[in-house]
Protein chains: 2
Amino acid sequence: MQDAIAAMTRQLSALRGLLQKAEDHCAARRIDPSVLLGCRLFPDMYPLSRQVQIACDHAKGAAHRLAGREVPSVPDVETTFAELRDRIDRTATLVRELPAEAYEGAETRTVTLKMRTGEVTFTGRDYLWKFALPNLYFHAATAYNILRHNGVELGKRDFLGAS
Amino acid sequence: MQDAIAAMTRQLSALRGLLQKAEDHCAARRIDPSVLLGCRLFPDMYPLSRQVQIACDHAKGAAHRLAGREVPSVPDVETTFAELRDRIDRTATLVRELPAEAYEGAETRTVTLKMRTGEVTFTGRDYLWKFALPNLYFHAATAYNILRHNGVELGKRDFLGAS
């Protein structure tokens, strides 16, 4: 369980690196950063900034729910690359503050999510593997894909981050 | 460890569903399926067909390496949606054939990969969390993003697959 939480914060750290390269790209090409932050792969998909916020929320949510704690609310107010990197840092801090022993029994803990379609109940194990992890990777990969699609020079190593 | 392998085959099964919807989309709009299979998000990224092949190879590789077995070679020859769905089915079969007891000690097993830059050695645990899992989700999400970018009607539920 803690391997999974560590993998999630590692992925956020890699995402932080992607955002730094994206900001540098904007500076070098005189691109307004807010344009890149507003880019989407299709009109009804979320823009880059929201992909980052959602990735953060999946890591924060997974760590707290699996640790049996209330999920702290963080408002979605970031409009710059620096603010999004700070959001990632604050998310990592929130996750690190949870004590290791809080994850005892996490696999069988009941996790209830309020979805648009109603409440959904998982075991901690199913919540992690069928919801939180694939969602976190999905939003991190989509952020990467938005940047690549817009010409930011990144490679798979940037997605995987420091090993 | 086996939860991770199950998550990987579940993700491939969801990817299979995406490919079926993509093929149906082509039929309904009279789109040549080979055009959609050749779509990329950027000229130096892999096309849809290759994203699917690589996702399959990460699941096959992870299961066999973590089970201490030689990784069976599967040629990359698929050119149609039906062939790619069959590739996913054959991958799932290869993974399912590995006995549960083969994963004993997988976390500490030495895994050596031949990369373009030379050999890289991981523990089984690091290989899973720092390489195989993020790579599999990356290629599955990129396949989804290529389809969404090209107007195929899919939602997050299609990415997550059956729970």
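A salt bridge is a side-chain nitrogen of Lys or Arg within 4 Å of a carboxyl oxygen of Asp or Glu. Keep that in mind. Between chain B and chain A, the count is four salt bridges. Here is one of them: the side chains of Arg148(A) and Asp44(B) meet at 2.9 Å, N to O.

Some ground rules. This is a predicted model, where local features need pLDDT of at least 70 and side-chain atom pairs count only at pLDDT 80 or more, while totals for chains, interfaces and linings use all residues. Residues are numbered from 1 along each chain as its sequence is written, chains are lettered from A in the order written, and side-chain values use heavy atoms, without hydrogens or water.

Back to the interface. How many residue pairs are in polar contact across the interface of chain B and chain A? The rule finds 13, both residues at pLDDT 80 or more. A polar contact is a pair of N or O atoms within 3.5 Å; within protein, one must be able to donate a hydrogen and the other to accept it, and residues adjacent in sequence count only if both atoms are side-chain atoms.

Which helices of chain B supply at least two residues each to its side? They are α1 (2-29), α5 (124-149) and α6 (156-160). Helices here are DSSP runs (H or I, at least four residues), numbered from the N terminus. The largest share, 16 residues, comes from α5(B).

Next, totals. Contact means heavy atoms within 4.5 Å. Chain B gives 32 residues and chain A gives 32 residues.

Last, Tyr127(A). Leaving aside neighbours within four places in sequence, Tyr127(A) touches residues including Arg65(A), Val111(A) and Phe122(A).
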